Amino acid sequence: MHDELVDHLTRSTPLSRGEALRVIQDVLAYFDETTTQYVRRRHRELQAQGLVNAEIFERIEADLHYRAVAPPELTLRQLRRIVYG
């Protein structure tokens with residue numbers, strides 16, 4: 001799985017083949033998260049840092065533009081509905 005990428009990483013970094021494969025799997029798992037899962041996770045993380053919802057939802061809205069696969073544009077109201085139903 002992903003042999004070309006594994007080969008590239010082993011040539012361009014000090015990673016062994018097994019380490020490169022684990023890194024790839026970790027990155028893919030991170031970006032496999034759905035938009036809903038991401039919004040809920042980030043809301044919990046930012047809330048735990050003491051941020052209030054107004055700040056949290058603005059930050060999540062901005063962060064979504066930088067996801068590997070861009071999700072649809074979500075309004076602040078839609079973000080709140082993902083978290084609170």
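Predicted model: local features only at pLDDT ≥ 70, side-chain atom pairs only at ≥ 80, totals over all residues.
I started with how helix α3 passes helix α4, and the crossing is right-handed (the near helix is turned clockwise from the far one by less than a right angle). Their axes, lines fitted to C-alpha atoms over the stretch in contact, come within 10 Å and cross at roughly 135 degrees. That makes α3 oblique to α4, since angles under 35 degrees count as roughly parallel, over 145 as roughly antiparallel, 65 to 115 as roughly perpendicular and the rest as oblique. Helices here are DSSP runs (H or I, at least four residues), numbered from the N terminus.

Residues are numbered from 1 along each chain, and side-chain values use heavy atoms, without hydrogens and water.

Next I looked up salt bridges (a side-chain nitrogen of Lys or Arg within 4 Å of a carboxyl oxygen of Asp or Glu), and the structure holds 7. R67 meets E33 at 3.8 Å, N to O. R67 lies in the loop between α4 and α5 and E33 in the loop between α2 and α3, so the pair ties together parts 34 residues apart in sequence.

Then I turned to E45, which pairs with R41 at 2.8 Å and with R42 at 2.7 Å. Salt bridges with shared partners join E33, R41, R42, E45, D63 and R67 into one network. I found R42 buried at 15% relative accessible area, while E45 is partly exposed at 30% (buried is under 20%, exposed over 50%, partly exposed in between, with a 1.4 Å probe and protein chains only).

Definitions and conventions
Axes fitted to C-alpha atoms, helices over the stretch in contact; angles between N-to-C directions. Helix = DSSP H or I, 4+ residues; strand = E, 2+ residues; numbered from the N terminus.
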